[in-house]
Amino acid sequence: RNIKEASLQVDHLPRKVQEAPADGHIHLQLNSQLFVGGTASRQKGFLGCIRSLQLNGVTLDLEERAKMTPGVKPGCPGHCSSYGNLCHNGGGCIEKYNGYSCDCSRSAYNGPFCKKEVSALLEAGTTVIYNFHESYGIPRNVSSHLSAIYSDLTLSGEKIAFSFRTTHIPSILLYVNSYYQEYMAAVLCSNGSLQIRYKLDNDKEANIFSVDGRRLANGQLHSVKIDREGRDVHVQIDQFQALRFNLSSGTDAEFNGVKSLILGKITGSSGLDKELRKANMWGFIGCLSTVQFNGIAPLKAALHRPSSAPIEVKGHLSKSRCGISGSTGLRTATTTHPLADHTGTIEEGKLLTNAIRSDSAVIGGGIAVAIFVTLCIVAVMGRLLYKHKGTYHTNEMKRAEYTEPADATLTNNSIYQDSLSEDKKEYFI
């Protein structure tokens, strides 16, 4: 309703519109509470289900109010109770009056059902920073000391998930720091294996967990899940069984004063140890996809709103479909470097050249072997058929020598038929 007209629509029936009378009231004087399903006297109230009630564009929380109202039960069954499982990857189901929708704001995925992967290509020197203190409304230009006072984000556990594709090693896949020189890092080592580092005490050495000896910097898409609860750390790569690690007994189990999450090259790396500085020299070069840290999707936020808080993007960040399994969507070459200091530049502009050439060579070799085996089989079969044909002609000639003339054969057959006819008697009753 507005000052000109009022409208009403039920289900999918045509919308009815009634113009306001010229001498009618424009404003309503509503001073009492809002009653839903009845009046204050509670006589002849509504029996049934009411959900998704909106007033002036605001959805009213009927379920919470039902918990404290006698005679009303929360949890009115709706579309989400039947179809809510269609919202994937942490997406939430939202009831609509004639359906439902999936809320993907806390998911690292997009799409109607939160199933569309969100991926990006990072070049040398590209940095994506998610500032936790800005997400809580603390200005960016506040000093580190004041930010540490205002930022009380302390974590007793993390749920981290991401996918990557690269051939560049060593590199840092993900880095989370704090105001108290604490950090967590996922590192791709010089041998291509994954290493998880936790430093939750400023005055102690970091806990280092070497997860897998396989080479993960092979240009293929790999997924990583890291779950920490207190001192227990579980790490899973792809579909393999998750490995369990434990922080050292003297280590604090809380991640204090969490400051920011960084993807790509870490700027201002004065607080990094020697190994991390070497891995950070070139930054991460390759594909990152569906990055999730607790309920935050920093890569998705960087692609959708790169210049607004709490996101900072430095360098070139391009949206891509490189996170799809089997895709070869990397546009930039990712070159392998040993774990040593370098002063040269990185060669870019090719598409996973080494990996693609290696795969092409293997496929070409397999096709050549298959053709050679087929030709050999055809040659052997031809030889056998030729020998069998010669034997057949020889046997035919031998049988012809002992075959009776056709006339004699026919005469013998006629005599035989006459003898049979003489012996044959028929009786009709």
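Helices (H or I, at least four residues) and strands (E, at least two) are taken here as DSSP runs, numbered from the N terminus. Asn256 sits in the loop between strand 18 and strand 19 (258–264). This is a predicted model, in which local features need pLDDT of at least 70 and side-chain atom pairs count only at pLDDT 80 or more, while totals for chains, interfaces and linings use all residues. Residues are numbered from 1 along each chain as its sequence is written, and side-chain values use heavy atoms, with hydrogens and water left out.

Is Asn256 buried or exposed? Its relative accessible area is 18%, so Asn256 counts as buried; the cut-offs are under 20% for buried, over 50% for exposed and partly exposed in between, with a 1.4 Å probe and protein chains only. The side chains of Asn256 and Asp252 are joined by a polar contact of 3.1 Å. A polar contact is a pair of N or O atoms within 3.5 Å; within protein, one must be able to donate a hydrogen and the other to accept it, and residues adjacent in sequence count only if both atoms are side-chain atoms. Leaving out residues up to four places away in sequence, Asn256 touches Leu153, Thr154, Ser178, Tyr180 and Glu182, where contact means heavy atoms within 4.5 Å.

Now step back to the whole chain. It has eight helices and 22 strands, and 34% of its 429 residues are buried. Among the contacts with a separation of 6 or more, 61% are between residues 24 or more positions apart.

Seven strands form an open sheet with antiparallel pairing, in the order 18-17-16-11-20-9-22; two strands pair if DSSP finds at least two bridges between them. Strand 18 (243–246) and strand 22 (317–320) are at the edges with a single partner strand each, so one side of each has no neighbour in the sheet. From one strand to the next, the twist averages 25°, with axes fitted as lines to C-alpha atoms (for helices, over the stretch in contact) and angles running from 0 to 180 degrees between N-to-C directions. Within this sheet, strand 11 (residues 157–165) and strand 16 (residues 222–229) run antiparallel and are joined by eight bridges. Phe162 stands opposite Val224 in strand 16.

Strand 9 (residues 119–122) holds Ser119, which counts as buried because its relative accessibility is 1%. The side chain of Ser119 makes a polar contact of 2.8 Å with the side chain of Ser289. Beyond four places in sequence, the residues Ser119 touches include Cys287, Leu299, Ser318 and Gly323.

Another stretch to find is strand 14 (residues 194–199). All six of its six residues are buried, so strand 14 is largely enclosed by the rest of the structure. Leu194, Ile196 and Tyr198 are buried on one side, and Gln195, Arg197 and Lys199 on the other. Strand 14 pairs with strand 13 (residues 183–188) in the antiparallel sense over six bridges, and Val187 has Gln195 as its bridge partner. These two strands form a hairpin with five residues between them, and Gly192 in the turn has a positive phi of about 85°. Strand 14 also pairs with strand 15, again antiparallel, over five bridges; there, Leu194 has Asp212 as its bridge partner.

What lies in the interior? A nonpolar core is a set of buried Ala, Val, Leu, Ile, Met, Phe, Trp, Tyr and Cys residues joined through side-chain atoms within 4.5 Å. The largest has 47 residues, and Phe162, Leu174, Ile196 and Ile226 have the most contacts inside it. Helix 6 (residues 298–304) gives the largest share of this core, four residues. Apart from it lies another core of 12 residues, including Tyr175, Tyr183, Leu272 and Ala279.

Finally, the aromatic rings. Rings of Phe, Tyr and Trp (its six-membered ring) pair if their centres lie within 6.5 Å; planes under 30 degrees apart count as stacked, over 60 as edge-to-face and the rest as tilted. By this rule there are five aromatic pairs. Tyr175 and Tyr183 have ring centres 5.6 Å apart and planes at 25°, so they are stacked. Phe209 and Phe245 are also stacked, because their ring centres are 5.0 Å apart and their planes at 20°. This second pair links distant parts of the chain, with Phe209 in strand 15 (residues 207–212) and Phe245 in strand 18, 36 residues apart.
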